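Subject: Structure for you to look at

Hi,

Here is the structure I promised you. Have a look at it first, and then read on for what turned up.

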Amino acid sequence: MGVHILSVEATEPAAVIVLAAGAGTRMKSAKPKILHEIGGRSMVGHAIAAASGLEPQKLVAVVRHERDRVVEHLLEIAPSLIIADQDEVPGTGRAVQLGLAALPEHTEGTIVVTYGDVPLLTTSLLRELVAVHEVDENSVTVLTALLDDATGYGRILRADDGTVIGIVEHKDATDEQLAIREINSGIYAFDAAVLRDALAQVTTDNAQAEMYLTDVLGIARRAGGRVAAVVTGDRWQVEGVNDRVQLAALGAEMNRRIVEKWMRAGVTVIDPATTWIGVEVALSNDVTIKPGTQLHGLTAIGTDAIIGPDTTLTNVRVGRGASVVRSDATDSQIGAGATVGPFAYLRPKTDLGEQGKIGAFYETKNVTIGTGSKLSHLGYAGDAEIGEYTNIGCGNITANYDGVNKHRTVIGSHVRTSSNTVFVAPVSIGDGAYTGAGAIVRKDVPAGALALSIAPQRNAEGWTVAKRPGSASAQAAEAAH
Ligand SMILES: CC(C)(COP(=O)(O)OP(=O)(O)OC[C@H]1O[C@@H](n2cnc3c(N)ncnc32)[C@H](O)[C@@H]1OP(=O)(O)O)[C@@H](O)C(=O)NCCC(=O)NCCS
């Protein structure tokens, strides 16, 4: 097994063909296997991302199972992708042949073959594969992995000079071959012309009646081509997902890698084991993430922010120095220096300004909150606009829904609202206005006014002793007289 010292950079391959046609029956899912997600991205999305990183001239996906659903997803993530449909002839050899047929005629150069269900494969390992393939002028270069336990995998047979003689399937292997720890990943770089010619000779004349891609290796070698291998010690990168046990295992490993990457980039993660970070999340240095935190989608966190514990953010932008404690937020923005939680629920389009606050047991939705404004405890703010440095009292509610339509509440700057104010939308409150405790605000409040709901208070003297005689309260009342 030779060690390659790469003296030249890999060029852009002519094409990457991503095989994405399989049914994935062991997932036992109505959803196609390759659309299942890890790290916040579909498995085929990871395959497309790794392939795209090579900047191939063409990117092809071969599809068959749930074709329309898969194609819709693929074109969403890679609009310029070429779709090739696998026909009724089974096997990876046929899939690659059809992928090749979707490319311009006489395509030359390197063709890379990858899979929609191998989500941890990286661009850099593919780049190494292509570089070795091109520098060594191979006909075929197979990516292989060294496993401690290679049970079940196809073993790589090497000649004395290190070139690959062939691949023997586990069930066909001799005892001596079973001791080989180097396995076939199924990921290859091919010379386009060699691949085209070899596939034309591959038949379905075997026990499974499938066109095997592995047959190309023998054909290429017999034609005088060099067949070699690039071996990786990182088995996760070539591991496929067949069932949900593997999905979880690869998901955990991907997360471990993502969390480690961010720690090395200057993020403090108190408990990596309970921290989940999606592949598209962006973190700044000196962010602190506390245990039980999940960051999903396009979430981006600014420097010095503290997130968690027990917080889930999906597509949320958090400004520098903000803190979010035991809360859940989606499609929202949290300004620099703002505080959220504990136990806040920010629904989509919550925009909390700098130094603002959404405190304990608050729910918000479609609300813009200006700089320094605070909604400290126990309430709901939806379809509302709140100015700057306003203080919304405990238990305030924007009553935005009249049973048929939603209406807006507009609250100015430097407003002070008292406990249990209900804003019956549509309604607006001018700058510097106040509300009294328990106010039900149904009419607009001019700037600087105090809005009150006058419900006269009546004290029924001696009620407790008369109506709850002998109770602890009655005894306390008697003692007070
Ligand atoms: C609004 C509030 C701050 C006004 O306090 P204040 O300075 O004592 O008010 P005033 O004495 O000027 O009262 C003005 C008038 O409003 C009435 N009023 C005051 N608060 C009222 C209320 N919540 N409901 C009905 N009427 C009220 C007063 O009886 C008074 O009426 P009057 O002029 O006929 O006598 C106060 O009443 C209040 O509601 N405080 C609660 C604050 C709160 O909830 N803080 C916690 C926020 S989390």
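This is a predicted model: local features need pLDDT of at least 70, side-chain atom pairs count only at pLDDT 80 or more; totals for chains, interfaces and linings use all residues.

His36 sits in the loop between strand 1 (15–20) and strand 2 (37–38). It is buried, because its relative accessible area is 7% and the cut-off for buried is under 20%. Leaving out residues up to four places away in sequence, His36 touches Met27, Ser29, Lys31, Arg41, Ser42, Met43, Arg244 and Leu247.

Met43 from that list takes you into helix 1, where it is one of the buried residues. Besides Met43, the buried ones are Val44, Gly45, His46, Ala47, Ile48, Ala50 and Ala51.

Next, the annotated spot. The unreviewed UniProt entry carries a "binding site" annotation that covers Asp117 and Asn242. The two are spread over 126 residues of sequence, yet they cluster in space, with a largest C-alpha distance of 7.9 Å.

Here is how they look one by one:

- Asp117 lies in the loop between strand 6 (110–115) and helix 4 (123–135). It is buried, with a relative accessible area of 17%. Not counting residues up to four places away in sequence, it touches Lys33, Ile34, Met43, Glu239, Gly240 and Val241.
- Asn242 belongs to the loop between strand 11 (227–232) and helix 8 (244–264). Asn242 is partly exposed, with a relative accessible area of 26%. Setting aside neighbours within four places in sequence, its contacts are Arg26, Met27 and Lys33.

Lys33 therefore turns up for both annotated residues, since contact means heavy atoms within 4.5 Å and Lys33 is in the contact lists of Asp117 and Asn242.

Finally, the surface. Tyr434, Leu450, Leu452 and Ile454 form a nonpolar patch there, with about 460 Å² of accessible area together. Ile454 is in the loop between strand 34 (450–451) and helix 9 (463–467). At a relative accessible area of 71%, Ile454 counts as exposed, because the cut-off for that is over 50%.

Cheers

Note on methods: Residues are numbered from 1 along each chain as its sequence is written. Side-chain values use heavy atoms; hydrogens and water are left out. Patches are made of residues with over 30% relative accessible area and no salt bridge: like charges are joined within 9 Å, nonpolar side chains (Val, Leu, Ile, Met, Phe, Trp, Tyr) within 5 Å. Accessible areas come from the Shrake-Rupley method with a 1.4 Å probe; for residues, only the protein chains shown count as cover. A salt bridge is a side-chain nitrogen of Lys or Arg within 4 Å of a carboxyl oxygen of Asp or Glu. Helices (H or I, at least four residues) and strands (E, at least two) are DSSP runs, numbered from the N terminus. Buried means under 20% relative accessible area, exposed over 50%, partly exposed in between (1.4 Å probe, protein chains only). UniProt positions are given in the numbering used here, feature names are shortened, and annotations may be inferred rather than shown by experiment.
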